[in-house]
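Visitor: Hi, I'm new to this one and would like a quick tour. Can you put it up on the screen first?

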Amino acid sequence: MPLDLAGLLRESLFDRVDSIVLTSATLAVGDDFAFLRDRLGLGEGFGRLKYEAVLPSPFDYGAQCLFAVPTDAPDPRADEAGHDEALATALVELAHAADGGMFALFTSHAALKRIAARARPAPAGRWPLLVQGEGQRDQLRRGCREAGSAILLGTDSFWEGVDVPGPALRVLVLAKLPFKAPTEPLTAARLERLAEQGLDGFMHYLVPRAALKLKQGFGRLIRSRRDAGVVVLMDQRIVSRRYGAMLQASLPPAQRVEGPWRTVHAAIETFFARHGIGTAA
């Protein structure tokens with residue numbers, strides 16, 4: 001598999017077609033298309049790019065969505081067990097507050113399985129637990145819609161292309177920032193190529209790619225003008241690390257709260273009460 005498709009795309013597509021429109025919710029990192037332009041061969045030396053723009057969302061994220069970051073959640077890399085404990089606790093408390101209706105998205109199957117094992121004691125009749133790997137994606141998505149109070153645990157394929165509008169999805173939990181593993185062979189080769197060019201692979205590849213993936217995951221929650229809900233990111237690196245500003249700039253302009261879990265939880269309950277979400281147990 002080629003490490004760089006830019007030349008092939010230019011030769012086989014962009015140089016052969018008079019006009020092309022590229023549109024998606026996840027083309028830009030913040031308001032910058034540089035990462036995509038370089039990967040598609042539309043950067044330096046390509047003179048036919050006429051127009052690019054980031055258009056406003058049709059949704060009122062400021063009213064419809066709360067984005068929460070618990071700053072006391074342990075670093076998922078430095079303290080895996082502590083992070084698992086904090087995540088499992090958050091899932092249980094959010095399930096009670098919202099009466100289910102949750103997605104929890106993971107970056108690895110191993111993490112998903114660990115949390116699924118912890119979540120098994122939850123009342124199955126009240127909050128059906130749907131776990132990727134225990135059913136087809138469409139089957140799990142359909143089960144989430146039909147139950148209305150299910151808790152769905154998913155990995156990579158659920159970060160994009162999954163549409164559950166309405167009250168069946170009112171809480172989205174992102175277990176950690178979706179960075180590619182630098183040891184994955186293709187990723188490692190791309191990082192090596194960037195290093196040969198004198199570029200920092202973390203800032204020029206891993207961070208922009210994580211920003212786009214994070215935006216894709218965030219986008220699972222608000223799917224219509226009538227939706228309302230909370231996105232909880234259990235990874236405080238987005239507010240504590242230098243690169244966090246780039247990640248935040250790519251997210252929709254939702255209400256935001258960050259602080260210890262108790263502060264975050266109180267803000268979430270207030271948001272739920274304002275929108276009539278849940279039947280707190």
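**Around strand S2**

Guide: Let's begin with strands S2 and S5 (residues 171–174), which run parallel and are joined by 4 bridges. Strands here are DSSP E runs of at least two residues, helices are H or I runs of at least four, and both are numbered from the N terminus. Two strands pair if DSSP finds at least two bridges between them. One caution: this is a predicted model, where local features need pLDDT of at least 70 and side-chain atom pairs count only at pLDDT 80 or more, while totals for chains, interfaces and linings use all residues. Residues are numbered from 1 along each chain as its sequence is written, and side-chain values use heavy atoms, with hydrogens and water left out.

Visitor: Which other strand does S2 pair with, and in what sense?

Guide: That's S4 (residues 151–154), in the parallel sense over 4 bridges.

Visitor: Are the faces of S2 covered or open?

Guide: Both are covered. S2 spans residues 102–105, with Met-102 and Ala-104 buried on one side and Phe-103 and Leu-105 buried on the other. Buried means under 20% relative accessible area, exposed means over 50%, and partly exposed is in between, using a 1.4 Å probe on protein chains only.

Visitor: Okay, helices. Which residues of H6 are buried?

Guide: In H6 (residues 137–147), Leu-140, Arg-141 and Cys-144 are buried. Looking down the axis of H6, those buried residues fall within an arc of 100°, so they line one face of the helix. That arc is taken from the directions from the helix axis to the C-beta atoms.

Visitor: And what covers them?

Guide: The cover of the buried residues of H6 includes S2, S4 and strand S3 (129–131). After H6 comes Gly-148, with a positive phi near 80°.

Visitor: Switching topic: how much space lies in the largest pocket?

Guide: About 1400 Å³. A pocket is an open set of points on a 1 Å grid over the protein atoms alone, where a 1.4 Å probe fits, with protein on both sides within 12 Å along at least five of seven lines; lining residues have an atom within 4 Å of a point. The volume is the space filled by probe spheres set on the points, which are joined across faces, edges and corners.

Visitor: What about the second largest pocket?

Guide: About 650 Å³ of space lies in that one. It is lined by 22 residues, and those closest to its centre are Phe-35, Asp-38, Arg-39, Leu-194 and His-204.

Visitor: Which element gives the most to that lining?

Guide: H2 does, with 5 residues. H2 also gives the most to the lining of the largest pocket, with 3 residues.

Visitor: Where is Asp-38, then, and is it buried or exposed?

Guide: Asp-38 is found in H2 (residues 34–40). It's exposed, with a relative accessible area of 52%.

Visitor: What does Asp-38 contact?

Guide: Leaving aside neighbours within four places in sequence, Asp-38 is in contact with Ala-6 and Gly-43. Contact means heavy atoms within 4.5 Å.
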